[in-house]
Amino acid sequence: MLKALIFDVDGTLAETERDGHRVAFNAAFRDAGLDWHWDEQLYGELLRVPGGRERIAHFIERHAPSLDCEWGEVRSIDQLVADLHRGKTAHYTALVAGGQVKLRPPVAELLRAARRAGLRLAIATTTTRANVTALLDHLLPKARDAFDVILTADEVPAKKPDPAIYREALARLRLAPHEAIAVEDSEAGARAALGAGLRVLHVPSVYFPQRVDGVTARLAGCGDDDPADDGLVVRGLAD
Ligand code: XBP
Ligand code: MG
């Protein structure tokens, strides 16, 4: 019997990437005096690397950008990445507090339906806790306590597509994989959930519109809808 839904955050609860995280990364680069700019297309490519710190490190390695910055000589790449990421988090949380990102209406509907059906709710995300806290404070101020478990990249040894975060979420919920469904937009997220034995409800997002093999259903109303998927969510909740 279905007992819980485990939600991804970025791209799923809200379209955070293009106008949120991307903008915040660029602002952090500007603050440092770096001439880097991640346009929408490049960001879509970089999103294949889950995790903000990992994404910056990958960009430095693959794109070999200039490291001339206003902070003087770069002591180490790790330090530069950590400093840029700290600045990026500050910009991102400010953007969220300023109303730059909104809860996706079909997901809001799903959350309401799940609560009516008595399902437990959880979050499993690759982003940092500061970002999740800012987002929930802004998007769901009255429903903060609705989530029994909130797991972020800060609490697991490996990021998605590693299934560790979903395994840990199930352990904390005290549920078996067949008792929960993961709600995910990205391929890495879907792979992580499938790897933990969960069924996956795909929420198409700007950067991840395509359904991944093995995914159980797609949430209706999130863009390019397949009429054949209509009703699957309702049936899933009733199982
Ligand atoms: C989304 C991500 C995140 C954000 C950046 O993963 O990959 O890394 O893009 O957040 P998910 P940080 O959809 O699984 O939440 O900079 O805080 O890492
Ligand atoms: Mg996501």
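Ala 64 is placed in the loop between helix H3 (52–63) and H4. In this predicted model, the phi angle of Ala 64 is near 40 degrees, a positive value in a residue other than glycine. The chain is assigned two domains, domain 1 (4–15 + 101–238) and domain 2 (17–97). Ligand 1 lies between these domains, because both of them give residues to the shell around it.

**Domain arrangement**

- Domain 1 is built from two segments, 4–15 and 101–238, whereas domain 2 covers 17–97.
- Taken over C-alpha atoms, the centres of domain 1 and domain 2 are separated by 26 Å.
- Contact between the domains involves 17 residues of domain 1 and 14 residues of domain 2.
- On the side of domain 1 that touches domain 2, H6 gives the most, with 5 residues.
- That side of domain 1 comprises 8 nonpolar, 5 polar and 4 charged residues.

**Ligand shell**

- Ligand 1 is surrounded by 18 residues.
- The closest of these residues are Asp 10, Gly 52, Thr 125, Thr 126 and Thr 127.
- By class, the shell around ligand 1 contains 11 polar, 5 charged and 2 nonpolar residues.

- Six strands form an open sheet in the order E3-E2-E1-E4-E5-E6, and their pairing is parallel.
- Strand E3 (147–151) and strand E6 (217–218) are the edge strands, each of which pairs on one side only.
- Strand E1 (residues 4–7) pairs with strand E4 (residues 180–184) in the parallel sense over 4 bridges.
- Within this pairing, Ala 4 has Ala 180 of E4 as its bridge partner.
- E1 is also joined by 4 bridges to strand E2 (residues 120–124), and these two strands run parallel.
- Leu 5 has its bridge partner in E2, namely Leu 121.
- E2 pairs in turn with E3, again in the parallel sense and over 4 bridges.
- Leu 121 has Phe 147 as its bridge partner in E3.

**Packing of H4 against H6**

- The axes of helix H4 (residues 77–97) and helix H6 (residues 129–139) come within 9 Å and cross at roughly 5 degrees.
- Angles under 35 degrees count as roughly parallel, and H4 and H6 are therefore roughly parallel to each other.
- H4 makes the contact through Thr 89, Tyr 92, Thr 93, Val 96 and Ala 97, and H6 through Ala 130, Asn 131, Ala 134, Leu 135 and His 138.
- The residues of this contact comprise 6 nonpolar and 4 polar residues, with no charged ones.

**Local backbone features**

- Lys 160 and Pro 161 are joined by a cis peptide bond, with omega at about 15 degrees.
- Pro 161 lies in the loop that runs between E3 and helix H7 (164–173).
- The positive phi of Ala 64, near 40 degrees, falls in the loop between H3 and H4.

Note on methods:
Residues are numbered from 1 along each chain as its sequence is written. Chains are lettered from A and ligands numbered from 1 in the order in which they are written. This is a predicted model: local features need pLDDT of at least 70, side-chain atom pairs count only at pLDDT 80 or more; totals for chains, interfaces and linings use all residues. A residue is near a molecule or strand if its C-beta atom, placed from the backbone, lies within 6 Å of it. Ala, Val, Leu, Ile, Met, Phe, Trp, Tyr, Cys and Pro count as nonpolar, Asp, Glu, Lys and Arg as charged, and the others, Gly among them, as polar. Domain bounds come from an automatic or database domain assignment. Two strands pair if DSSP finds at least two bridges between them. Axes are lines fitted to C-alpha atoms, for helices over the stretch in contact, and angles run from 0 to 180 degrees between N-to-C directions. Angles under 35 degrees count as roughly parallel, over 145 as roughly antiparallel, 65 to 115 as roughly perpendicular and the rest as oblique. Two residues are in contact if their C-beta atoms, placed from the backbone, lie within 7 Å.
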